Amino acid sequence: MIDWQNTYASIYRARKERLKPVIYLDKISLVDLVGIEKQKEAIIENTKRFLEDLPSNNVLLWGARGTGKSSLIKALLNEYKDEGLRVIEMDRDDLDDLIEISDQIREEPYKFIIFCDDLSFEEGEKGYKGLKRILEGSIEAPASNIKIYATSNRRHLITEYQRDNIGTVVSNNGEIHYSDSVEEKISLSDRFGLWLSFYHGTQNDYLKVIDSYFKEYQGDKENLHKLALQFSQSRACKSARTAKQFYNTFYKKV
C-alpha cells in the first residue's frame, strides 16, 4: 500500500500489478507555462472545484504536440499537492485495470487525478472500454475523489475512417443522425466534460516562451531570438517543447 500522505504521485506498473511511488517530481510550475493562459485558467478552476468537493469535470487536453498539455498537469500537482491533490499515471494499455485502481483509492482522503498521457486508440483496441466504465459508464457511481485528465492529439481519441460515416444521415430539419460506429467513437470523448484545445502559437508566442526560459539572460536579446528562430526552423516547429529544447541546447552558450 502507498503512503499517500508522503507520496504525491505514482505510476501504475501493470506487469507487477502495483503502483510505483514517484520520488522525483518534475519541478515545473504554472508560472513557467507561457502562452496557454486560457487553458490554465480553465483547468485551474476545474481542479479547485474538485479539491473543494464541488461539481467538476473530467478533462481532455487535445491538440498539437509540444504545446504544454502534459506539463500543465504536472504543474497542477506541484501547485496543489499540499491541498490534497495526488496523481496516478496510467498507460492506455493498462486502462482495463482502472476499475481495480479506483476500488483501491476511492476511500482515501485525497483527490486523485488519473493522468493518461498521449491517449488514443486504434481500431480493434479495447482498452478504452475500461476508461468508459470509469467515466460514468458503470452501474456503480464514479468515485467522488477521482477525475480523469487525459492528453491526446485527437479530439475523438479513437481512429476514425471514412467508412464509419456509412449510415450517417441528415434529416429534413438538418439534424445529423450519426452511424452506430461514429456514435461509439464520439461517446468516449463526450464523457470528458471539459475539452481544452492546444495549438501552435505565432512566432511572437514562441519568442515569449524563449524569454521565459532565459529570464536572467543579460546578453543580446536580438541575437538570442535569431538563434531561437533558426533552431525552430531546423525542427520545423515553433512550440513550447521546441523552446525548451533550445534552452537545453543553448543555456550558458549564448
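Among contacts in this protein between residues at least 6 apart in sequence, 74% join residues at least 24 apart, a contact being heavy atoms within 4.5 Å. The model is predicted: local features need pLDDT of at least 70, side-chain atom pairs count only at pLDDT 80 or more, and totals for chains, interfaces and linings use all residues. Residues are numbered from 1 along each chain as its sequence is written, and side-chain values use heavy atoms, with hydrogens and water left out.

The protein has eight helices and nine strands; these are DSSP runs numbered from the N terminus, helices being H or I of at least four residues and strands E of at least two. Of its 254 residues, 44% are buried. Buried means under 20% relative accessible area, exposed over 50%, and partly exposed in between, with a 1.4 Å probe and protein chains only. The exposed surface comes to about 14,600 Å², of which carbon and sulfur atoms supply 45%; the areas come from the Shrake-Rupley method with a 1.4 Å probe, and for residues only the protein chains shown count as cover.

Start at strand β1, residues 9–13. It pairs with β2 (residues 18–21) in the antiparallel sense over four bridges, where strands pair if DSSP finds at least two bridges between them. Tyr12 stands opposite Leu19 in β2. The two strands form a hairpin with four residues between them, and Glu17 in the turn has a positive phi of about 50°. β1 also runs parallel to β4 (residues 85–89), joined to it by three bridges, with Ala9 opposite Val87.

Positive phi values also occur in two loops. Most residues other than glycine have a negative phi. Asp53, in the loop between α1 (37–51) and β3 (59–63), has a phi near 65° and is exposed, with a relative accessible area of 61%. Asp118, in the loop between β5 and α4, has a phi near 55° and is partly exposed at 48%.

Leaving aside neighbours within four places in sequence, Lys111 is in contact with Phe50, Leu51, Asp53, Gly84, Leu85, Arg86, Ser144 and Asn145.

Next come the spaces in the fold. On a 1 Å grid over the protein atoms alone, a cavity is a set of points where a 1.4 Å probe fits but cannot get out, a pocket is an open set with protein on both sides within 12 Å along at least five of seven lines, and lining residues have an atom within 4 Å of a point. Grid points are joined across faces, edges and corners, and a volume is the space filled by probe spheres set on the points.

The largest pocket holds about 890 Å³. It is lined by 39 residues, the closest to its centre being Gly66, Thr67, Gly68, Ala240 and Arg241. α6 gives the most to this lining, with five residues. The pocket lining divides into eleven nonpolar, 15 polar and 13 charged residues; Ala, Val, Leu, Ile, Met, Phe, Trp, Tyr, Cys and Pro count as nonpolar, Asp, Glu, Lys and Arg as charged, and the others, Gly among them, as polar.

The whole structure has one cavity of 30 Å³ or more. The largest cavity has a volume of about 60 Å³, and its lining includes Ile99, Arg106 and Pro142. Helix α3 supplies the largest share of that lining, three residues.
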